[in-house]
Amino acid sequence: MDLFIPVLQEPEHQLAAAVRAAQALARSPELAVHILCGADDETTLAHLTRLTADADGVRLRVVPTCAPKARAMNEAVRTSHARWIGFLDVDVTVAARDLVEATTEADRAGLDYVEFVELSVGTSRMTRLLNVQSELFQMANAYLANRLRGRYFASSGLLLRRSFALRVGPWPEEGREEGYRWSLTAAGLPQRGWIHPVPARGRPAANLYEALLQRRRWYHGQLRAAVDCLRPGYPGRGRVL
């Protein structure tokens with residue numbers, strides 16, 4: 001599996017943590033770990049070049065841009081030859097054992113995707129509240145998957161059979177929250193997948209303001225998808241989704 005970690009304008013301490021996590025993943029012979037950084041993000045690229053110099057197994061891939069992330073994701077799919085491709089957000093961690101076991105089980109069952117639900121680390125009231133919201137969203141997503149044979153795909157902890165990603169086509173590169181509109185297109189195709197029982201771990205919520213900004217971006221992406229799906233070209237199940 002090729003595992004891709006897109007990075008855009010992250011502070012140096014977060015980059016250092018991401019490289020350490022990537023190095024731990026790269027110890028697995030079944031995983032090829034790539035950190036994607038845009039050539040136009042010079043400060044981040046300089047930090048990553050230094051941090052990955054001694055990070056065994058971690059490959060720093062320079063792409064034209066990671067703004068938006070969809071451009072880097074499309075470049076990753078286009079250049080990969082692995083049977084499975086995976087995407088992790090820079091602040092999300094998953095054990096290599098869980099990734100390998102997930103794709104092994106998915107191959108055995110003939111599945112198209114495995115998704116890791118992202119839950120924040122921490123015990124603060126804000127973190128617990130956000131985790132409850134994430135779990136409720138995934139419960140609704142599971143219902144949609146059962147009823148419509150379609151679901152919303154997040155890209156913070158997502159493994160895709162590359163042939164499935166190629167059938168769906170590229171992620172939309174305009175705007176943010178690329179996963180929503182890609183999911184509407186994917187709904188028109190047969191798909192079978194699995195939500196992994198072990199969650200991915202994200203950084204704790206810093207404060208209410210940051211949490212609201214993040215959700216504002218999510219809701220803007222959802223509204224953009226709702227408008228787009230009224231245009232010709234989307235499958236019927238995508239419009240219902």
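**Close-up views**

**View 1. Proline 68 is placed in the loop between β3 and α3 (69-79).** The model is predicted: local features need pLDDT of at least 70 and side-chain atom pairs count only at pLDDT 80 or more, while totals for chains, interfaces and linings use all residues. Residues are numbered from 1 along each chain as its sequence is written, and side-chain values use heavy atoms, with hydrogens and water left out. Helices (H or I, at least four residues) and strands (E, at least two) are DSSP runs, numbered from the N terminus. The peptide bond that leads from alanine 67 to proline 68 is cis, and its omega is near 0°.

**View 2. Glutamine 9 has a positive phi, near 50°, although this residue is not glycine.** Glutamine 9 belongs to the loop between β1 and α1. Its relative accessibility is 62%, so glutamine 9 counts as exposed; the class requires over 50% relative accessible area, whereas buried means under 20% and partly exposed lies in between (1.4 Å probe, protein chains only).

**View 3. Strand β2 (residues 32-38) and strand β3 (residues 58-63) are paired in the parallel sense through six bridges.** Two strands are taken to pair if DSSP finds at least two bridges between them. Histidine 34 stands opposite arginine 59 of β3. Between β2 and β3 the chain passes through helix α2 (residues 42-51), in a β-α-β crossover that is right-handed. That term applies if, with the strands pointing away from the viewer, the path from the first strand over the helix to the second runs clockwise.

**View 4. Histidine 34 is found in strand β2.** Histidine 34 counts as buried because its relative accessibility is 6%. Its side chain is joined to that of aspartate 2 by a polar contact of 3.2 Å. A polar contact is a pair of N or O atoms within 3.5 Å; within protein, one must be able to donate a hydrogen and the other to accept it, and residues adjacent in sequence count only if both atoms are side-chain atoms. Not counting residues up to four places away in sequence, histidine 34 touches Asp2, Leu3, Phe4, Ile5, Arg59 and Arg61, where contact means heavy atoms within 4.5 Å. Alanine 32 also has its place in strand β2 and is buried, at a relative accessible area of 12%. With the same exclusion of residues up to four places away in sequence, alanine 32 touches Met1, Asp2, Leu3 and Arg59.

**View 5. The largest nonpolar core has 35 residues.** A nonpolar core is a set of buried Ala, Val, Leu, Ile, Met, Phe, Trp, Tyr and Cys residues joined through side-chain atoms within 4.5 Å. The residues with the most contacts inside this core are Ile5, Leu25, Leu31, Ile35, Leu99, Phe116 and Leu159. At least two core residues are supplied by each of β1 (2-7), α1 (12-26), β2, α2, β4 (84-88) and α4 (96-109). Helix α1 gives the largest share, seven residues. Apart from this core lies another, of 21 residues, including Leu36, Ala72, Ala76 and Ala186. In soluble globular proteins, nonpolar side chains tend to be buried together.

**View 6. The structure contains zero disulfides.** A disulfide is a pair of cysteine sulfur atoms within 2.5 Å. Cysteine 37 is in no disulfide, and its nearest cysteine sulfur, that of cysteine 66, is 6.1 Å away. Cysteine 66 is likewise in no disulfide. Cysteine 37 counts as buried at 0% relative accessibility, and cysteine 66 is buried with a relative accessible area of 3%.

**View 7. Strand β7 (residues 157-161) is mostly covered, five of its five residues being buried.** Strands β4 and β7 run antiparallel and are joined by five bridges; leucine 88 stands opposite glycine 157 of β7. Strand β5 (residues 113-115) pairs with β7 in the antiparallel sense over three bridges, and the bridge partner of tyrosine 113 in β7 is leucine 160.

**View 8. Glutamate 118 lies in strand β6 (residues 118-120).** Glutamate 118 is partly exposed, with a relative accessible area of 25%. Leaving out residues up to four places away in sequence, glutamate 118 touches Asp89, Val92, Ser134, Ser156, Ala200 and Gly202.
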